[in-house]
Amino acid sequence: QVQLVESGGGLVQAGGSLRLSCAASGIIFSINTMNWYRQAPGKQRDWVATITRNAIANYADSVKGRFTIYRDNAKNTVYLQMNSLKPEDSAVYYCRPTAYNTWGQGTQVTVSS
């Protein structure tokens, strides 16, 4: 059974930073491409970033240059370092392995102006 537990969200002022974590279990983490998504109230869930098993990263244009996705295979955890946060980054953030249609509970990020 795949389980995903996101953490690290919170309230931060514009320009601040947060680091999100997603601990995965029930999968062979090291071979899975991992993704971060986000969903703001009343909006669809949008893709934010991807990291492949070989640590190749890709980002949505809206976060490129500000967010960094990375992974620690020894801890079965994927991270999202978010810098220079903007109010429009406020959302619930979720992680998901590409190969599985499973979502965690998400972690709330709120950026105040």
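One disulfide is counted in this structure, a disulfide being a pair of cysteine sulfur atoms within 2.5 Å. The structure is a predicted model, in which local features need pLDDT of at least 70, side-chain atom pairs count only at pLDDT 80 or more, and totals for chains, interfaces and linings use all residues. Residues are numbered from 1 along each chain as its sequence is written, and side-chain values use heavy atoms, with hydrogens and water left out.

**Disulfide**

- The bond joins C22 to C95, with an S to S distance of 1.7 Å.
- C22 belongs to strand β3 and C95 to strand β9, so the pair links distant parts of the chain, 73 residues apart; strands (E, at least two residues) and helices (H or I, at least four) are DSSP runs numbered from the N terminus.
- Both C22 and C95 are buried, where buried means under 20% relative accessible area, exposed over 50%, and partly exposed in between (1.4 Å probe, protein chains only).

**Nonpolar core**

- The largest nonpolar core has 28 residues; such a core is a set of buried Ala, Val, Leu, Ile, Met, Phe, Trp, Tyr and Cys residues joined through side-chain atoms within 4.5 Å.
- The residues with the most contacts inside this core are W36, V78, L80, M82 and Y93.
- Two or more residues each come from β3 (18-25), β4, β5 (45-51), β7, β8, β9 and β10 (107-112).
- Strand β3 gives the most to this core, with four residues.

**Salt bridges**

- There are three salt bridges in the structure, each defined as a side-chain nitrogen of Lys or Arg within 4 Å of a carboxyl oxygen of Asp or Glu.
- One of them pairs R38 with D89, the closest N and O atoms being 2.9 Å apart.
- R38 lies in strand β4 (residues 34-39) and D89 in the loop between β8 (77-82) and β9 (91-97), so this bridge ties together parts that are 51 residues apart in sequence.
- A salt bridge also forms between the side chains of D89 and R66, at 2.7 Å from N to O.
- This pair links distant parts of the chain, 23 residues apart, with D89 in the loop between β8 and β9 and R66 in the loop between β6 (57-59) and β7 (67-72).
- D89 is buried, its relative accessible area being 0%, and R66 is buried as well, at 11%.
- Through shared partners, salt bridges join R38, R66 and D89 into one network; R38, like D89, is buried.
- The side chains of K64 and D61 meet in a further salt bridge, at 3.1 Å from N to O.
- D61 counts as exposed, at 66% relative accessibility.

**Largest pocket**

- The largest pocket holds about 150 Å³ of space.
- On a 1 Å grid over the protein atoms alone, a pocket is an open set of points where a 1.4 Å probe fits, with protein on both sides within 12 Å along at least five of seven lines, and lining residues have an atom within 4 Å of a point.
- Grid points are joined across faces, edges and corners, and the volume is the space filled by probe spheres set on the points.
- Its lining consists of R38, Q39, A40, K43, Q44, D46, E88, S90 and A91.
- By class, the lining has two nonpolar, three polar and four charged residues, with Ala, Val, Leu, Ile, Met, Phe, Trp, Tyr, Cys and Pro counted as nonpolar, Asp, Glu, Lys and Arg as charged, and the others, Gly among them, as polar.

**Loop residues**

- E88, a lining residue of the largest pocket, lies in the loop between β8 and β9 and is exposed, with a relative accessible area of 56%.
- E88 and S113 are 25 residues apart in sequence and 9.6 Å apart in space, C-alpha to C-alpha.
- S62 is in the loop between β6 and β7 and is partly exposed, at 44% relative accessible area.
- Between S62 and V48 the C-alpha to C-alpha distance is 8.2 Å, with 14 residues of separation in sequence.

**Positive phi angles**

- Most residues other than glycine have a negative phi.
- A55, which is not a glycine, has a positive phi near 65°; A55 is found in the loop between β5 and β6 and is partly exposed, at 48% relative accessibility.
- S84 likewise has a positive phi, of about 50°; S84 sits in the loop between β8 and β9 and is partly exposed, at 39% relative accessible area.
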